[in-house]
Amino acid sequence: MTLDHKVFPTVDTETTAPGSFVALVSTYQTDRTGERVVPGAFQASLKRWSESAKMIPVLTDHDGVIGSVVGKVDPRMSGESVQGLEVAGVLDTSTELGARVYQLVKEGSLSWSIGYTIPEGGRRKAGRVTELAQIDLAEISVVATPANEGTRTLSIKSEPSVQIVSFEC
C-alpha cells in the first residue's frame, strides 16, 4: 500500500485570526450626550454595508485619516442584540498602532464608540432624551472615554488557533 502525503494550507478567517474580537459598540441606554439608540436603528445601515461587500473601518478616536485605521468589522457578522449593536471584526496587529490598540483593548483600557449620521426623520425627542431611530453607520472606533458607557469588548482572540497543517493518508 502506498501512502500519499498531502499538505493543506491554513487559512485565517475573521473569527480565528489573532486580533479578532466581538464587541458591543452601541447600547440602547441613554449616553452621556442625552441620546438613546432605538432597537432596529442599525438594520438598514448594516444591510447596505453587507450589500456593498465592504468592511466597516475600525478607527482610533474617530480620526478619519488612513493612518488611524486599525482594523475592520465584517457587517455580515454583526447585528443588533437585546443589548445593542454587536460586531465581529479584527484588529490589524501587524502595525505598531494596531498592536498597541489590541493590547489596550485586551487589557480593558479602551472601549468602543460609533461614528454615524442620522437620516432625515431618524431623530425624535422623548422628553430630555433624543431617540435615534435610524442610524447610518460610518465607522467604529476604539476610544478611551466612550459617550455610551455600556460599550465593551465581549471577546478578543489572543493566541493563534490550533490548526492541522499537514497529515499523511
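This is a predicted model: local features need pLDDT of at least 70, side-chain atom pairs count only at pLDDT 80 or more; totals for chains, interfaces and linings use all residues.
Which residue does R48 form a salt bridge with? That's D136, with the closest N and O atoms 3.3 Å apart. R48 is in helix α1 and D136 is in strand β11, residues 136-143, so this pair ties together parts that are 88 residues apart in sequence. R48 is partly exposed, at 42% relative accessible area, and D136 is partly exposed too, at 28%.

Still on helix α1, which covers residues 43-52, we find L46. Buried or exposed, what would you guess for L46? It's buried, because its relative accessible area is 9% and the cut-off for buried is under 20%. Leaving out residues up to four places away in sequence, L46 touches I56, P75, S78, G79, L85 and L137.

Back to salt bridges: searching the whole structure turns up seven. One of them joins R123 and E35, closest N and O atoms 3.3 Å apart. R123 is in strand β9 and E35 in strand β3, so that pair also links parts 88 residues apart in sequence. R123 is partly exposed at 47%, while E35 is buried at 17%.

Last stop, the aromatics. The whole structure gives us one aromatic pair. F21 and W112 have ring centres 4.7 Å apart and planes at 25°, so they count as stacked. Both F21 and W112 are buried.

Note on methods: Residues are numbered from 1 along each chain as its sequence is written. Side-chain values use heavy atoms; hydrogens and water are left out. Rings of Phe, Tyr and Trp (its six-membered ring) pair if their centres lie within 6.5 Å; planes under 30 degrees apart count as stacked, over 60 as edge-to-face and the rest as tilted. Buried means under 20% relative accessible area, exposed over 50%, partly exposed in between (1.4 Å probe, protein chains only). Helices (H or I, at least four residues) and strands (E, at least two) are DSSP runs, numbered from the N terminus. Contact means heavy atoms within 4.5 Å. A salt bridge is a side-chain nitrogen of Lys or Arg within 4 Å of a carboxyl oxygen of Asp or Glu.
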